[in-house]
Amino acid sequence: MSPETKRILLIIGGGIAAYKCLELIRRAREAGFSVRVVMTKAAAQFVTPLSVGALSNERVFTNLFDLDDEREIGHIRLARDTNLVVVAPATADLMSKMAGGHADDLASAVLLATDKPVLAAPAMNPRMWMHPATRRNHALLQADGIHFVGPESGEMAESGEAGIGRMAEPMTILTAIQSLVGSTQRRRESLPLKGHHILVTSGPTHEPIDPVRYIANRSSGKQGNAIAAAAAKLGARVTLVTGPTSLADPSNVTTVHVETAEQMLTAVRRARDADVAIFAAAVADWRVVNASGQKIKKDGKQDAPSLDLVENPDILKTVAHEKPGARPLLVIGFAAETQNVIEHAKKKRKTKGCDWIVANDVSPRTGIMGGDRNKVHLITADGVDTWPEMDKSEVAHRLLERIVDHLAANTGKA
Ligand code: C5P
């Protein structure tokens with residue numbers, strides 16, 4: 001290990017989210033960290049030390065009373081010979097042990113013995129997270145200086161359960177790791193979008209029929225919001241223009257709420273100094289020309305009212321066709337298709353005039369529209385890159401990684 005390499009000691013707790021640690025190890029190593037792993041006994045019920053060892057390329061430690069370990073590398077050395085201790089998943093039980101200062105197994109002993117910063121990524125059932133005991137432990141650990149990433153809200157592994165308690169995605173944990181222990185160079189790299197302005201559109205639009213009715217679509221805004229949140233975490237100034245959704249505004253993002261496509265275009269024009277524009281909104285293609293100022297009544301005598309539709313402005317196309325200088329350096333569109341996804345998306349990239357298209361299949365069977373996961377193809381002038389299915393927050397991180405690379409290559413600024 002070169003003296004420059006930063007070491008993470010990853011403590012894997014016994015929860016269903018433990019499987020995400022395999023991806024975390026892989027991503028952390030790709031980012032240049034060396035990863036040494038301690039697993040609790042319960043963790044080994046969810047992932048095997050063998051697969052963890054294969055990914056970390058190091059011996060995996062599980063037992064406090066392994067005399068060989070104590071001779072070769074005791075728990076005190078394990079605890080100190082690192083730049084950061086990461087606990088993922090930090091289960092309710094592990095948090096309780098940390099808060100109480102227990103040391104009855106290797107994981108808790110290391111956590112008590114360490115003098116290095118500790119980052120915890122909690123994961124548990126929402127009721128366990130909200131339980132007064134966990135609330136107390138969380139507050140105690142925060143007061144002790146433990147850093148936290150997540151938990152996030154969403155569906156749980158248990159069917160029908162939802163709420164706060166999902167472990168943060170591996171890329172989100174990695175970003176937190178980088179901001180805690182990057183070398184000077186890495187610290188700068190952890191905010192690679194500093195100085196850039198990124199515009200994101202998200203959600204559906206609502207096109208009024210009368211004051212109480214509107215035309216809408218099933219877009220949840222999750223993918224666009226995740227992109228805005230991820231861009232802000234990488235240091236960008238972010239403007240999110242969103243149609244109506246049930247999502248909370250992301251942190252450190254200027255969020256502009258609009259209803260109609262025309263309002264969205266106006267808000268997008270106001271953010272014209274953006275150097276990257278990502279159009280994830282599902283904008284209604286048409287609006288009603290003869291929208292009524294009053295609620296349309298059914299009086300039993302008249303025929304059903306007919307709606308005259310007119311095409312909405314194409315926001316993506318408008319921005320992508322701005323003159324050089326007024327046009328963002330990188331314009332990215334989305335293509336939600338239900339058949340011949342790649343073929344349609346390739347055509348769309350040309351007709352819209354954008355640089356990249358993120359294409360996905362939104363047939364109802366995929367569950368993508370409104371769901372938490374996504375499977376996309378990134379279409380650029382160089383070809384098609386098909387990504388595996390992953391959480392929308394991970395799609396966001398991957399897309400931003402590509403954007404960072406593109407800006408670095410084309411502006412020398414990132
Ligand atoms: O034409 P289609 O709706 O399939 O195009 C999808 C892409 O174009 C998305 O990026 C969407 O945000 C953008 N779009 C837009 N304004 C419209 C229609 C689509 O910005 N009126």
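These are my notebook entries on a predicted model, taken in the order I looked things up.

**Entry 1. Whole chain.** I began with the overall figures. The chain has 414 residues, and buried residues make up 44% of them. I looked up the secondary structure next and found 15 helices and 22 strands. Along the principal axes, the C-alpha trace spans about 85 × 55 × 40 Å. I then checked the contacts with a separation of 6 or more: 68% of them join residues 24 or more positions apart.

**Entry 2. Domains.** I looked up how the chain is divided. Domain 1 covers 7–188 and domain 2 covers 191–409. Their centres, taken over C-alpha atoms, are separated by 36 Å. How many residues of each domain are in contact with the other? I found seven residues of domain 1 in contact with seven of domain 2. On the domain 1 side, β7 (152–155) and α9 (170–181) each supply at least two of the touching residues.

**Entry 3. The six-stranded sheet.** I traced an open sheet of six strands and wrote down the order β3-β2-β1-β4-β5-β6, with parallel pairing. Which strands stand at the edges? They are β3 (60–61) and β6 (147–148); each has a single partner strand, so one side of each has no neighbour in the sheet.

β3 pairs with β2 (residues 34–39) in the parallel sense, over two bridges. Val37 has Val60 in β3 as its bridge partner. I also looked for a helix at this end of my trace: α2 (residues 49–56) lies across β2 and β3, and runs at about 165° to β2.

**Entry 4. Strand β17.** I turned to β17 (330–337). Is this strand largely enclosed or left open by the rest of the structure? Seven of its eight residues are buried, so I put β17 down as largely enclosed by the rest of the structure.

I then looked up its pairings. β14 (residues 276–279) is joined to β17 by four bridges, and the two run parallel. In this pairing, Ala277 stands opposite Val331 of β17. β18 (residues 356–361) also pairs with β17 in the parallel sense, over six bridges. There I noted Glu337 standing opposite Asp361 in β18.

**Entry 5. Ligand shell.** Last, I listed what surrounds the ligand. The residues include Thr201, Ala261, Phe279, Ala281 and Val283. I also wrote down Asn312, Asp314, Ile315 and Leu316, along with Gly333, Phe334 and Ala335, as part of the surroundings. Which elements each supply at least two residues of this shell? I found α13 (315–320) and β17. The largest share, three residues, comes from β17. By class, the shell has eight nonpolar, three polar and one charged residues.

**Entry 6. Cross-check.** I set the last two entries side by side. β17, with seven of its eight residues buried, is also the element that gives the largest share of the shell around the ligand. Phe279 is in that shell, and residue 279 falls in β14 (276–279), the parallel partner joined to β17 by four bridges.

How values were computed:
Residues numbered from 1 in each chain as written. Predicted model: local features only at pLDDT ≥ 70, side-chain atom pairs only at ≥ 80, totals over all residues. Pairing = 2+ DSSP bridges. Contact = placed C-beta atoms within 7 Å. Axes fitted to C-alpha atoms, helices over the stretch in contact; angles between N-to-C directions. Domains from an automatic or database assignment. Near = placed C-beta within 6 Å. Nonpolar A, V, L, I, M, F, W, Y, C, P; charged D, E, K, R; others polar. Buried ≥ 20, exposed ≤ 12 C-beta atoms within 10 Å, placed from the backbone.
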